[in-house]
Amino acid sequence: MSERYARLAARVRALDEAGLRRRLRRVEPTSATTARVDGEDRVVFCSNDYLGLAWDPDVRAAFARGGGAGAARLVSGNRPAHDALEEALSERFGRPATLFPTGFQANLGLLTTIAAARDVVASDALNHASIIDGLRLSRADRHVVPHGRPDLLPASLHLAVTESVFSMDGDVADLPAWTGAHWLAVDEAHAVGAMGPGGRGIAPIQGITPDFVVGTLGKAYGAAGAFVIGPPELRPLLVSGARSFVYTTGMPEPVAWAALEGLRRATDERRERLAANTARLRGALAMLGVPTLGSTHIVPVPAGDRTMEAAERLFAAGIYAPGIRYPTVARGQERLRLTVSSEHSAEQLDRCAEAVAAAIRG
Ligand SMILES: Cc1ncc(COP(=O)(O)O)c(C=O)c1O
């Protein structure tokens, strides 16, 4: 290896020595719930496509419509597809929506807009990396609150930020307990589309309207990208100043059309099947004595330092759900993370539960 990159090579070796080098698998979907994974047919239990819409023929057809935006939206990249999608989201969520090309960028853009240097902000300890980075970039005075402990929010506060459904723990925040005189921003990435009246997520279920909501279009809606919902005063600030909005190429038109189709096709009927499938998988795991965390369609199975072995056994048994390890979760908190789809069959769910029980017992 070249001397020029010796520093990088040393870091790769360190990853290998710590057993933390990640590798990409080649995943070729063959249905809403199955794929060829590195050439082998598997049932997929690790997609965030909770309603199977990434496989829906109308959503896929929409991906054939239009092309790349060619420029930032403020230059020549603002398209009818963006306007139509923002209008539909604004109508669905009842307040102005602003699109971002990804959820990561949505959190960066929102948080750097609503928090500034020296503002006191609080963030749940298990918040997503994009929330952590957004708050870091804002240079606000950050207080990390132990997971699920809004009772420990600092007394004098500008902004609190939490996820609604936690991506690695599958639990649901008590959002009313996060409210107060301060602003509240809620990342509903794993809830919009999948849960709540009209797919509006956890906040309406719990009867609150957070000041700011981030939703993604690449999970339950089956496309890609994200949106921020907030008061009318927010949108001009995002459009004029959020760096991850201003200095990035507009979402490709096909993605926006596909997200719009996903929004239309994320029905109560699919959400009900997702809830029923979640109950079936969680019930089957409980019957088999398998411990799980959380209560939603994200079903973590703690397996500690045996997680990666268990994931391999699961794969050999026909189920694809990789192990989650440090640094995605803290050391000692390693787990299998199963995700449920409205499109899983009863047979797939039962088979998964049995395979997980066998895999974690070794
Ligand atoms: C809670 C949460 N917020 C934001 C994101 C980022 O969304 P995107 O994948 O669209 O960048 C993710 C995951 O990807 C997430 O789990």
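**View 1. Strands 11 and 14 pair in the antiparallel sense over 5 bridges.** Strand 14 covers residues 335-339; strands (E, at least two residues) and helices (H or I, at least four) are DSSP runs numbered from the N terminus. Two strands count as paired if DSSP finds at least two bridges between them. P302 has R335 of strand 14 as its bridge partner. This is a predicted model, in which local features need pLDDT of at least 70 and side-chain atom pairs pLDDT 80 or more, while totals for chains, interfaces and linings use all residues. Residues are numbered from 1 along each chain as its sequence is written, and side-chain values use heavy atoms, without hydrogens and water.

**View 2. An open antiparallel sheet has 3 strands in the order 11-14-13.** Strand 11 (298-302) and strand 13 (323-324) each have a single partner strand, so one side of each lacks a neighbour in the sheet.

**View 3. Helix 13 (residues 307-316) packs on the sheet.** Helix 13 touches strand 13 and strand 14, contact meaning heavy atoms within 4.5 Å. The directions of helix 13 and strand 14 make about 40°. Angles run from 0 to 180 degrees between N-to-C directions, with axes fitted to C-alpha atoms, for helices over the stretch in contact.

**View 4. Helix 14 (residues 346-361) lies across strand 11 and strand 14.** Helix 14 runs at about 175° to strand 14.
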